[in-house]
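Subject: Handing over the structure

Hi,

Here is the structure I promised to pass on to you. Please open it alongside this email, and I will go through what turned up.

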Amino acid sequence: MKRFVSWVIALVAAWLSFAGAAHAADVANGAKIFSANCAACHAGGRNVVMADKTLKKDALEKYGMNSIEAIVKQVTNGKGAMPAFKGKLTADGIQDVASFVLSKSEAGW
């Protein structure tokens with residue numbers, strides 16, 4: 001019985017690992033999505049609506065937006081003047097654009 005339980009636990013852990021990695025972010029696709037949907041307000045990592053809330057590393061850190069999860073949530077649901085992209089972009093597309101934004105913030109816009 002112990003062996004069976006260990007096998008089930010290992011199987012579930014493997015499935016969870018696979019499910020979490022089902023979509024490897026495509027930063028190049030994220031760049032295309034950003035260009036088509038985000039650059040009007042965020043060209044070069046800036047923010048034309050709220051100048052202090054840029055996509056630059058220090059601002060993302062200051063406002064708690066320096067993770068894929070936080071950016072995905074913002075892009076999906078919108079906030080303030082930023083529109084929600086849920087329904088306009090796929091979940092994978094949102095993941096891709098979030099990865100692009102975070103990678104650009106770390107490399108320096």
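The chain contains six helices and zero strands, and read from the N terminus its elements run α-α-α-α-α-α.

Two notes on how to read the rest. This is a predicted model, so local features need pLDDT of at least 70 and side-chain atom pairs count only at pLDDT 80 or more, while totals for chains, interfaces and linings use all residues. Residues are numbered from 1 along each chain as its sequence is written, and side-chain values use heavy atoms, with hydrogens and water left out.

**The chain as a whole**

Of the 109 residues in the chain, 28% are buried. I use buried for under 20% relative accessible area, exposed for over 50%, and partly exposed for anything in between (1.4 Å probe, protein chains only). Among the contacts with a separation of 6 or more, 52% join residues 24 or more positions apart; a contact means heavy atoms within 4.5 Å.

**Helix α5**

Helix α5 covers residues 68–77, and I68, A70, I71, V75 and T76 are buried in it. In general, an α-helix has 3.6 residues a turn, so residues three or four places apart point the same way. The buried residues of α5 pack against α6, residues 91–107. Following α5 comes G78, with a positive phi near 70°.

T76 counts as buried because its relative accessibility is 18%. Leaving aside residues up to four places away in sequence, T76 touches A84, F85, K86 and I94.

**The largest pocket**

What lines the largest pocket, and which residues lie nearest its centre? The lining has 26 residues, and H42, N47, K53, Q74 and M82 are the ones nearest the centre. The pocket holds about 720 Å³ of space. At least two lining residues come from each of α2 (27–37), α3 (39–42), α4 (57–62) and α5.

By class, the lining has 18 nonpolar, six polar and two charged residues. Nonpolar here covers Ala, Val, Leu, Ile, Met, Phe, Trp, Tyr, Cys and Pro; charged covers Asp, Glu, Lys and Arg; the others, Gly among them, are polar.

As for the terms, the search runs on a 1 Å grid over the protein atoms alone; a pocket is an open set of points with protein on both sides within 12 Å along at least five of seven lines, unlike a cavity, where a 1.4 Å probe fits but cannot get out, and lining residues have an atom within 4 Å of a point. Points are joined across faces, edges and corners, and the volume is the space filled by probe spheres set on them.

**Aromatic rings**

The structure holds three aromatic pairs. Rings of Phe, Tyr and Trp (its six-membered ring) pair if their centres lie within 6.5 Å, with planes under 30 degrees apart called stacked, over 60 edge-to-face, and the rest tilted.

The pair of F34 and F100 is tilted, because the ring centres are 5.3 Å apart and the planes stand at 50°. This pair links distant parts of the chain, with F34 in helix α2 and F100 in helix α6, 66 residues apart. F34 counts as buried at 5% relative accessibility, and F100 counts as buried at 11%.

F34 also forms a tilted pair with W109, 5.4 Å centre to centre and with 40° between the planes. Here F34 in helix α2 is linked to W109 in the segment after α6, 75 residues apart. W109 is partly exposed, at 27% relative accessible area. Together, F34, F100 and W109 form one aromatic cluster.

There is also a charge over a ring: the charged end of K53 sits over the ring of Y63, 4.9 Å from its centre. The cut-offs for this are NZ of Lys or CZ of Arg within 6 Å of the ring centre and within 35 degrees of the ring normal.

**One cysteine**

C41 is in helix α3 and is partly exposed, with a relative accessible area of 32%. Not counting residues up to four places away in sequence, C41 touches R46, N47, V48 and V49.

Best wishes

Methods. Helices (H or I, at least four residues) and strands (E, at least two) are DSSP runs, numbered from the N terminus.
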